[in-house]
Amino acid sequence: MANFNPTLSTYLTEILSSTVELSEQRQENLKIISQYISGKLSQKKEISMIFICTHNSRRSHMGQV
């Protein structure tokens with residue numbers, strides 16, 4: 001998480017430590033998304049994603065990140 005703002009990095013570390021609450025399938029899906037983003041960042045390419053959420057609060061948080 002070296003490329004993130006220190007405050008965001010700390011927040012993400014806290015969130016990642018609580019992923020044991022997520023199902024294995026959900027964790028695998030998030031890992032795939034993470035690898036996509038990391039790959040694009042390392043290549044200095046644009047990251048294109050669409051968020052479809054069932055709850056407005058999740059969309060807002062994901063869009064902000």
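Mentor: Lys44, which follows α2, has a positive phi, near 55 degrees. The model is predicted, so local features need pLDDT of at least 70 and side-chain atom pairs count only at pLDDT 80 or more, while totals for chains, interfaces and linings use all residues. Residues are numbered from 1 along each chain as its sequence is written, and side-chain values use heavy atoms, with hydrogens and water left out.

The helix α2 itself has 19 residues and reaches 27 Å from its first C-alpha to its last, close to the 27 Å expected at 1.5 Å a residue; the expected span is 1.5 Å times one less than the number of residues. Helices are DSSP runs (H or I, at least four residues), numbered from the N terminus, and strands are E runs of at least two.

Between α2 (24–42) and α3 (56–64) runs a loop that contains Phe51. Phe51 counts as partly exposed because its relative accessibility is 30%; buried means under 20% relative accessible area, exposed over 50%, and partly exposed in between (1.4 Å probe, protein chains only). Phe51 also belongs to a nonpolar surface patch of about 570 Å², together with Leu22, Leu30, Ile33, Tyr36, Leu41, Ile47 and Met49. Such patches are made of residues with over 30% relative accessible area and no salt bridge, nonpolar side chains (Val, Leu, Ile, Met, Phe, Trp, Tyr) being joined within 5 Å and like charges within 9 Å. A salt bridge is a side-chain nitrogen of Lys or Arg within 4 Å of a carboxyl oxygen of Asp or Glu.

As for the whole chain, it has three helices and zero strands, and 3% of its 65 residues count as buried.

Note on methods. Areas by Shrake-Rupley, 256 points an atom, 1.4 Å probe, with all protein chains shown as cover.
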